[in-house]
Amino acid sequence: MSLRAVALVRRHLWAAAFLSLALAGVALRAFVLTGPAGSYDSDEAVVGLMAQQMLEGEWRAFYWGQHYAGTLETALVALVGAQPATTKVVPVALWALAGVLTWLVGRRFLEARVAVLAGLLTWVAPGAYVWWSTKERGFYPMSVVLGLVLLLSAQRIVERDGRPLDWIALGLSAGLGFWTSPTVAYFAVPAGIWILARRAPLRWSPLSVPAGVLGALPWLWHNVEQGWASLEQPEQASDTGYLTGLGRLLWHVLPMALNLRWPIDGSWIVPVLAVAVYVGLGVALILRRPPLLLAVALLSFPFLYALFPGAGYVGEGRYGFFATPFLALAIAWLARHPVRMLAVVLAAVVLTVPAVDLIGAEWPEHVDADLAALERAGVDMAWADYWIAYRLDFLAGGDLVASPLLSRRDDAAFAAVAADPTPAFLYARTDERWQLLEAELDDLGVTSRLVRTEHFVAVLAEGPVAPTAVTPGLIP
C-alpha cells in the first residue's frame with residue numbers, strides 16, 4: 001500500500017473516531033434525558049416560565065428573584081418554544097458549541113487532532129457535567145460559550161495584530177458575558193493578561209468599549225432601576241471562608257470535574273488510585289509548563305472561584321463547570337500525541353457512564369398523574385413547596401398556577417394564588433402538616449376537602465383563607 005493510501009486510511013479512521021465520540025456524547029445525553037435523571041426541577045421550570053413570559057412580551061434582565069444570571073439563554077429557550085419537550089435542547093446545544101470553541105482555542109497551541117479530542121473530551125466527560133448540560137438553569141453553558149468566544153477573540157487579536165473586528169468581538173462577548181454571569185472573569189482575566197503579555201497592538205482597542213457597553217446594556221438598565229443591586233455580593237454559606245472555598249475546589253470540585261470523584265456521592269472512584277492520578281496530573285502540569293494563556297487560566301481559576309458565592313457548595317460540582325475547557329486543554333497538553341489523547345477520551349467515556357447512572361431523579365420523578373388528578377378535582381391555584389410549585393406550574397401548561405409562600409421567585413404567581421378565595425394547599429404524602437392545616441381550617445370555620453394524588457395530598461379550602469390567618473410554617 002502506498003504512503004498516500006496509508007495516509008488516506010488514517011484520515012478516515014480518525015474521522016470515524018471523532019464521529020463515534022461525538023455520537024457517544026449524544027447517546028449519553030439521551031440516556032440522561034430518557035432516564036430518572038432527566039426529570040425537571042423547579043429551577044429549570046422557572047427558566048421555562050420566564051421564556052413563556054418573554055413570548056408574551058414581558059422581559060426581565062435576570063433570573064426571577066435575583067440580580068444576577070442574565071436571561072440571554074432564557075431568550076434562546078423562548079425561541080425554541082419554551083415547552084417541556086424542547087427546553088432542555090438549549091443547554092445541550094450550547095454545550096456542544098462550547099466543545100467546538102474549546103477545539104478552536106486549543107488548536108492554537110496543540111496538534112490538530114489533539115485539539116479536536118480536547119473539544120470532544122468536554123462533550124463526553126465528566127459524568128456530572130454531561131448531566132448538568134441537560135439541565136436548563138439559565139446561564140451556565142451560555143457563560144462558558146461567551147467566555148470561550150472572549151478567549152478566542154484575544155488569541156485572534158494577538159495573531160492578527162489587533163484587527164478592529166476582533167476587538168469588537170472581545171468587547172461584545174465580555175459585555176454579554178458580564179450580564180450573563182460574573183463568572184466571565186474566569187475567561188476575561190487570562191484573555192487580558194495574554195493580550196498584554198504578547199504586546200498586541202492596542203490602536204483599535206477602544207472599539208471594545210462601546211461593544212462591551214452594548215452587550216452589558218441589560219445589566220445597566222436593570223441596575224439603574226434597582227439601585228445597582230447587582231454590585232451587592234450575596235453572602236457565602238456561614239461555614240465557607242475564602243480558604244475553605246479554595247480547599248473545597250481543589251480537593252472536591254476539581255476531582256469531580258476530572259471524573260475522579262463520583263457526582264453527588266463525592267467519593268473517589270478508586271480511592272488510592274484516583275488520588276494518585278489527581279496529584280500526578282498537578283505535578284505533571286507544573287513540570288510540562290503549559291502555554292501562558294492556559295497557565296494563567298488554570299492558576300487564576302481557584303482564586304476567582306473562592307471569591308464567588310457558592311464556593312462552599314460541592315454537590316454535583318456545579319461551580320467547577322466553568323473550568324471544564326481549561327481542564328480538557330490541560331489534559332491534551334499533557335497527552336500531546338493523538339493516540340494517547342484518544343485513549344484518555346475513551347477512558348473518560350467509560351467513567352462517565354456509571355457516573356451518570358449514579359445521579360438519581362428529582363422527587364417525584366413523574367408528576368403527570370398528579371396533574372391529571374388535580375385537574376379533575378378542579379384545582380387551578382395552589383400553595384406548594386418551591387421544589388414542587390414551579391415545576392407543576394410549568395408542566396401544567398397554564399392549567400395550574402402554583403407558588404410557594406416563602407422562597408418565591410414570581411410575584412405574579414404569588415399574587416394570583418393569594419387572591420384566590422379557595423386555594424389548594426399541596427403537600428407531599430409524607431408531610432404530616434396537611435393534617436394540622438385541615439384541623440386549623442376547621443377551627444377557623446372554613447370547610448375543606450382532601451384530594452389525594454399519586455405523590456401529594458391537596459387540602460382544598462372551600463372558603464376564603466388569608467395566608468396570614470394560618471399558623472406560620474403550615475403553608476407550603
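**Close-up 1. The exposed and buried sides of helix α10.** The face of α10 directed away from its buried side carries V209, P210 and L214, which are exposed (exposed means over 50% relative accessible area, buried under 20% and partly exposed in between, with a 1.4 Å probe and protein chains only). Helix α10 spans residues 208-215, and its buried residues are S208, A211, G212 and G215. Viewed down the axis of α10, the buried residues fall within an arc of 100°, so they line one face of the helix; the arc is that of the directions from the helix axis to the C-beta atoms. These buried residues pack against α8 (164-180) and α11 (217-225), where contact means heavy atoms within 4.5 Å. Helices (H or I, at least four residues) and strands (E, at least two) are DSSP runs numbered from the N terminus. The model is predicted: local features need pLDDT of at least 70 and side-chain atom pairs count only at pLDDT 80 or more, while totals for chains, interfaces and linings use all residues. Residues are numbered from 1 along each chain as its sequence is written, and side-chain values use heavy atoms, with hydrogens and water left out.

**Close-up 2. The packing of helices α5 and α16.** Helix α5 (residues 112-124) packs with helix α16 (residues 338-358) at an angle of about 5°, and their axes are 9 Å apart. That makes α5 roughly parallel to α16 (angles under 35 degrees count as roughly parallel, over 145 as roughly antiparallel, 65 to 115 as roughly perpendicular and the rest as oblique). Axes are lines fitted to C-alpha atoms, for helices over the stretch in contact, and angles run from 0 to 180 degrees between N-to-C directions. From α5, the residues R113, V114, L117, A118, L121 and V124 meet P338, M341, L342, V345, A348, V349 and T352 of α16. The residues of this contact between α5 and α16 divide into 11 nonpolar, 1 polar and 1 charged; Ala, Val, Leu, Ile, Met, Phe, Trp, Tyr, Cys and Pro count as nonpolar, Asp, Glu, Lys and Arg as charged, and the others, Gly among them, as polar.

Close-up 3. Strand β1 (residues 381-383) pairs with strand β3 (residues 424-428) in the parallel sense over 2 bridges, and W383 has F425 in β3 as its bridge partner.

**Close-up 4. Strand β5 and its two partners.** Strands β4 and β5 run antiparallel and are joined by 5 bridges, with a hairpin of 3 residues linking β4 to β5. Opposite A458 in β5 stands V451, and opposite A461 in β5 stands S448. Strands β3 and β5 are likewise antiparallel, joined by 5 bridges, and L426 has A458 in β5 as its bridge partner. Strand β5 is mostly covered, with 6 of its 6 residues buried. F456, A458 and L460 point one way from β5, and V457, V459 and A461 the other way.

Note on methods: Two strands pair if DSSP finds at least two bridges between them.
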